Structures are given as C-alpha cells and as structure tokens.
Amino acid sequence: MFENGRLTINHNTWKDGIASSPFVGCEDVRNADIWSKPGALLCGYKATKETGTAVTDFIRFMRHDESTDTVFAGGMSGRLYQRTSGGVWDDVKNSGVPVSEASECNGLELWKGYILFAEETKLHAYDRSSEFWYGDWKTFAEGKRNLIDLPHVMKIGQDDVVYMTDGRYIASLQEVPGQTFNASDSNTYTWNDQALDLPDGYVASTLEELGTYLVIGTYYTEVLNRGNRAELYPWNRTAASFNIPMRTKGNGVWQTIAKGNLLYSIVDRRNLKLYASNLTAFELQRELRRIDEDLTLHPDAIEIVDEEILCGIGDGNAENLGIYSFRDGVMQLRNVLSPGATNIEIGSVISIGDRQLLASWKYGSTYGVDIINTTRTTSYTTMLDSPLYTVGDALNPFSFAQIDVLLARKLSTGQGVRVSYRTSLDADFAPLHTFDFTTYQAVSSMNASSSLDGVTTIQLRIELTAAADSDATPELLSLTLF
C-alpha cells in the first residue's frame, strides 16, 4: 500500500496470493509459506530430486501403502517402480526380474495385496506376496479410440470396489462376498468392463467420490484441447445410468478431488479454472491467467495437504509451472520442482505423511521424482512480486530515500532478504538491496538507503533464502520504502 509517502509491503499485500493481474494484487507468490505463521512471509519448502538415476521414464501414477511405507509408481515405458522407507527407489521384481511386460502405465491402484496396472487395452495384476505378474489379465472394452490411448484412472470406492475409466465406459472389479480375492481364481472376483456407459463421444478422465456418489469427470472426443464441454457425471454405483450431469464450458475436466462436502475440479487446459461443486452446480473459485499455453494436466497430479488443494500444473513449452496451492480462496505457486518452472510436466503428486510430498516430473528427455518435506528453500528462490503501484505522475514523480525491513525473528547464519524493483512491467528487475546475516548479523530490524528518484510506478520483488538443509527461515513482517 502506498500512502502518505510510504510504500509498505506486508501481510495485507500477500494474504490473497496471486492476483488476476498486477494492477489489483501480487503478480507472483512462489515457493513461499504464508500459512504456518499467518502475518509473516516465510521461505517455502524445497523440492529435491530423490530418484537419482533409478527412474528412467515419466511416472504418471503413484500409490502409497501406509502399512509398509512403500510407494509404487507406474512409468510411461511400462516400468513398475517402488520406493521403500527411507527414499530408496528400485524396480518391482517379477520372480527376481524387473517387471517390464507392459508398454505404458495409464492407471495404477493397490488392492487386496495386488498392484493393478493398466496400459492401453489391458489390465495387469501383480501379486505382491508371491511376486507374480499376471500379464494381460483383463481386457478393457474400449482401451483406444482412433489409435489414441485412453486414460484408465482408478479409484477404490467406499464400497471396496475398484472403478476404472475407459473411454465412454467405467469398468469395475469387486471381490465376491465370502471369498478372498485371487487373480488366478475367477470365482473370487467379478470383472465388469462396462459397469456404466457414458454418452457417445465422451472420455472419462477423472474419478472421485463425494458422499455416496462416484463422480466422473470427462472431456469430449479423444483429441485433447478440442470442443467446449466440461462435464461431471454423478453415479450412485447401483443404477443403470448416471444422474443429470453438471455442465460448464471448457475443453474438459482434468483433475478432481473432494474436500469436505465439495468436489473441486480443474477445468480447461488453456484458461485454467478451479471450480467447486456440490453435485448441483459448478461455482468458479479461481482462474489461472498467467500461462498462455495448452497445458498438459495429468489426473494423478492433485492432492490435499493441510487444507491446501495441490495441483501439478505443467506443459512442455510454458513458464510459471509447478505445484499450485488453493486454500481459502488464495492461490500461489507453492512448489517449483527441481528442474525449474519452465518446460516441465508433472505426472503425479502424492502425500506420504509426516509432512512429506512426492511429485514426479518430465523435463525434456529427463525424468525424476522430487521429495518435498520440511527443508526450506535456498538461493533466494522464495519470491513475491508485489502489485504495480502508482506513486506519482509525469509532473510529480516520487523519490524514495530509505528502505526498512522488519522480521519477526533475528537473522541467523545463511538467511537473507533480497529486494529488487522495476518501474514498468516491460523492464527487468534491478537489485535494490540485500539484507543478509553476513552483512547485518543477528538483527530483526534493518535499514538502508534506496536512492530511487523520479518514480511514477514501481513494482517490488522480495526474495528470501534459508540456510542449506535447514527448517528455519526468515520471517518477514514488512518492507517499507519512504
């Protein structure tokens, strides 16, 4: 806020997250923690590649077995990976040999001691106890359409049935009452490749539960980015057909997740929109307007952690990519992954408990999985771009002589606050001052000369850094130019 010759950046500036434009709010809030201590801006949590050279293709689905603290992941080249407790990645073995009989992973789920692994037209099953791979175990009714692979997103319902998307069909797998599921004994299960039919032309893209309903997100035709239809189909799982669908405009529903009594959906791959629905109507929550590309959105790249809805937003050509956070109407770029915020796809985002998050990615021809835990960001990668403030006019420009920074705690080794500025949106940011421990030592209030003369408009960039491998962070309360 600019008032009485003082330009102040504080909680009132960043509390609403990224605005629709820099004329009404912050242009960017990334790698920042604005929730741990409301009122202060903290370094966010660092994303670090965990997989080394163990993962050699793009992982699109991950599942966490909490009983053994093991994560299973399916890659687009058909490899099946596992992460054991402690962060060690390796192949899942079939009689001692890495599983490699599938051509790609279009869906993955853990159920009854098995790993269900879907590729284009086939469903495979892996018995974890015997390490036996049942290749081509079941066949999907559609699988491909006009030579284009269809997604096979899986969801274990509250009725303990596994539901799977398959083009215009929903398939189901359930255990026969009184039996114990055994993939080699058809008397122990029921497989239905057409448990539900959707209208012709639609492709089921997401599955989520809300109350007693299974809710199916869709797009129209097998070709991505075509059409202007984004529809949710609620199904009670027992009726022969679905309830009246909810419709909005956009080229599809790409990610869905339930939170409380609402279903949240990411709609439209270009004009990215977050909608909430109570299964009666859609209501727009936020719109991400700063990526002008046809995004590549994967259905498993959505999660909820500490009341935040986390969405992996990626593309092969765009910028400003990463894990976006939506909470209480506030949007921010919560985590930039280890390859950076440009030209990255995000396949899966999954919480593994104890404040740890895994995110798989593709960056050109390289692949990996990042871990995000309590380690804070370094190298001034926590960033806030303020609104563009009008502070004068052509006849009466304004000059700033001083800059003050106020922290809630004293700086410690390795910590710092860096400030840059620009006087128009088409200019590059120029350094203004750095307040770091090396220069200022253990203080919480700092001042420096600014020497900004003849300013009519100004935008500030504030960057924070923590020490390496630390969970401590600077706690910025305010920055003032005067």
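Start with the open sheet of four strands, ordered E7-E8-E9-E10 and paired in the antiparallel sense. Strands here are DSSP runs of at least two residues, marked E and numbered from the N terminus. Two strands pair if DSSP finds at least two bridges between them. Select strand E7 (59-65) and strand E10 (88-91): these are the edges, and each has a single partner strand, so one side of each lacks a neighbour in the sheet. Neighbouring strands in this sheet are turned by 25° against each other on average, direction ignored. That angle is taken between axes, which are lines fitted to C-alpha atoms; angles run from 0 to 180 degrees between N-to-C directions.

A word on the model: it is predicted, local features need pLDDT of at least 70, side-chain atom pairs count only at pLDDT 80 or more, and totals for chains, interfaces and linings use all residues. Residues are numbered from 1 along each chain as its sequence is written, and side-chain values use heavy atoms, with hydrogens and water left out.

Stay in the sheet and pick strand E9 (residues 80-84). Four bridges join E9 to E10, antiparallel. Glutamine 82 faces aspartate 90 in E10.

Go to strand E35 (residues 345-353). Seven of its nine residues are buried, meaning under 20% relative accessible area; exposed is over 50%, and partly exposed lies in between (1.4 Å probe, protein chains only). E35 pairs with strand E36 (residues 356-363) over six antiparallel bridges. Show isoleucine 346: its bridge partner in E36 is tryptophan 361. Two residues separate the strands of this hairpin, and aspartate 354 in the turn has a positive phi of about 55°.

Most residues other than glycine have a negative phi. Select asparagine 146, where phi is positive at about 50°. Asparagine 146 lies in the loop between strand E17 (144-145) and strand E18 (148-149), and is exposed at 60% relative accessibility. Next, aspartate 306, with a positive phi near 50°. This residue is in the loop between strand E31 (302-305) and strand E32 (308-313). Aspartate 306 is exposed too, with a relative accessible area of 57%.

**Aromatic rings**

Now show Phe, Tyr and Trp side chains. Their rings (for Trp, the six-membered one) pair if the centres lie within 6.5 Å; planes under 30 degrees apart count as stacked, over 60 as edge-to-face and the rest as tilted. The count is 19 aromatic pairs. Zoom in on tyrosine 219 and tryptophan 254: with centres 4.7 Å apart and planes at 25°, the pair is stacked. Tyrosine 219 is in strand E24 (residues 213-220) and tryptophan 254 in strand E27 (residues 253-259), so the pair ties together parts 35 residues apart in sequence. Tyrosine 219 is buried at 5% relative accessible area, and tryptophan 254 is buried at 4%.

Then select Trp111, Tyr114, Phe132, Tyr134, Trp137, Phe181 and Tyr189, a cluster linked by ring pairs.

Two arginines come next. A charge sits over a ring if NZ of Lys or CZ of Arg is within 6 Å of the ring centre and within 35 degrees of the ring normal. Arginine 229 places its charged end over the ring of tyrosine 220, 3.8 Å from the centre. Arginine 327 lies over the face of tryptophan 35, 4.4 Å from the ring centre.

**Last stop: asparagine 243**

Find asparagine 243 in the loop between strand E25 (230-235) and strand E26 (246-248). Asparagine 243 is partly exposed, with a relative accessible area of 31%. What does asparagine 243 touch, not counting residues up to four places away in sequence? Tyr213 and Pro234, where contact means heavy atoms within 4.5 Å.
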